[in-house]
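Here is a short briefing on one protein model. Please keep the sequence and the 3D view open while reading.

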Amino acid sequence: MYKVIMVPTDGSGFDREAIRVALRTAERCNAKVRLVRVLGTSSFFSIAAAAEAIPAADVDLSERDRAWSELYALAAECRSESKADITADLHGGPVGDVLEGYARRHHVDLIVISTHGRSGLARLSLGSVTDSLIRHTTIPVLVVKPPTSYLNPRPSEAFRHIVVPLDGSSLAEQILPGIVALAKLEEAEITLLSVLTPGSNSHQEVVDPALPWWEKDISVARSYLFQVATTLRRGGTPVRTDIVIGDNVAGAIGDYAGRERADLIAIATHGRGGLARMLRGSVATAV
């Protein structure tokens, strides 16, 4: 399973839920947890995809010392709550690039990151650092939403229900080996979900125009999901399937996950950037 888990942090406290998830996962698979803080520079949005970290000593000393103090305190708190092997590292430079380079050099095989915060992690939102990691690294990125109440955070729980959207493509199926391993670790059930939309179906091929457009698509999707589910069940993973119809794929996935009280949505991303991403959109980012 996982051997090295990286958690980007800024000491704001809004990353605590991501840290809890990382510690829980690390304990279950005997992985190391690396808490990484990056003091950003004016080149935060650097285009360089593989920039090396700037030595922390090059950043303002007072800021560096304060960051080290907070990071050491956080690591000590984590060690008091968890048996996992925990290390802390501080770097300076373009945040996204530094995190990507760090993960590559230290053989990280899972990145657990919060979606937003109030200072440094305000930039760790989809559309910036998290988005950059998703698009530029092949390492799985587990995006954790902070609790709705900072003063009364929800205790971290295991992932019991994982929703995996599939569209019949080999790309979407690339998420399956990793998520099956995680499901076994968490003793979770997987739901394979197909979303049918009027803009991406075969309704024009329906012989009888009086039939609803989705009838043929449902039959095709049901057969496809059954085949994938059968393969996963052979390995002992609890799997069920479902099909929903909607005008917007991302919205349908989010609504379904909410209704079914899913704990995690696992989705593959094209890793597109620039014009291709603008033209084709990104279901993963929208979700």
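In this predicted model, the charged end of R24 lies over the ring of F159. The distance to the ring centre is 4.8 Å.

**Aromatic pair**
- The model holds one aromatic pair. Its members are W68 and Y72.
- The two rings are stacked, with 5.0 Å from centre to centre and 20 degrees between the planes.
- W68 and Y72 both belong to helix α2, residues 61-81. They are four residues apart there, so about one helical turn separates them.
- W68 is partly exposed, because its relative accessibility is 23%, and the cut-off for buried is under 20%.
- Y72 has a relative accessible area of 51% and therefore counts as exposed, since that class begins over 50%.

**Nonpolar cores**
- Nonpolar side chains tend to be buried together in soluble globular proteins.
- The largest nonpolar core here has 49 residues. Within this core, L35, V112, I162 and L192 touch the most other members.
- Helix α1 (residues 16-29) supplies the largest share of this core, with seven residues.
- L35 has contacts beyond its neighbours within four places in sequence. Among them are V7, I19, L71, L74, A75 and I86. T9, C78, T87, A88 and D89 are also in contact with L35.
- A second core is separate and has 15 residues. Its members include V4, I111, I113 and I139.

**Parallel sheet**
- Four strands form an open sheet in the order β8-β7-β6-β9. The pairing is parallel.
- Which strands stand at the edges? They are β8 (239-245) and β9 (264-265). Each has a single partner strand, so one side of each lacks a neighbour in the sheet.
- Strand β7, residues 189-196, pairs with β8 in the parallel sense over seven bridges. T191 stands opposite R240 in β8.
- Helix α7 (residues 214-233) packs on the sheet and touches β7 and β8. The direction of helix α7 makes about 160 degrees with that of β8.

**S194 in the sheet**
- Strand β7 also contains S194.
- Is S194 buried or exposed? S194 counts as buried, because its relative accessibility is 8% and the cut-off is under 20%.
- Leaving out residues up to four places away in sequence, S194 touches L166, A221, L225, D242, I243 and V244.

Conventions
Residues are numbered from 1 along each chain as its sequence is written. This is a predicted model: local features need pLDDT of at least 70, side-chain atom pairs count only at pLDDT 80 or more; totals for chains, interfaces and linings use all residues. Side-chain values use heavy atoms; hydrogens and water are left out. Two strands pair if DSSP finds at least two bridges between them. Helices (H or I, at least four residues) and strands (E, at least two) are DSSP runs, numbered from the N terminus. Contact means heavy atoms within 4.5 Å. Axes are lines fitted to C-alpha atoms, for helices over the stretch in contact, and angles run from 0 to 180 degrees between N-to-C directions. Rings of Phe, Tyr and Trp (its six-membered ring) pair if their centres lie within 6.5 Å; planes under 30 degrees apart count as stacked, over 60 as edge-to-face and the rest as tilted. Buried means under 20% relative accessible area, exposed over 50%, partly exposed in between (1.4 Å probe, protein chains only). A charge sits over a ring if NZ of Lys or CZ of Arg is within 6 Å of the ring centre and within 35 degrees of the ring normal. A nonpolar core is a set of buried Ala, Val, Leu, Ile, Met, Phe, Trp, Tyr and Cys residues joined through side-chain atoms within 4.5 Å.
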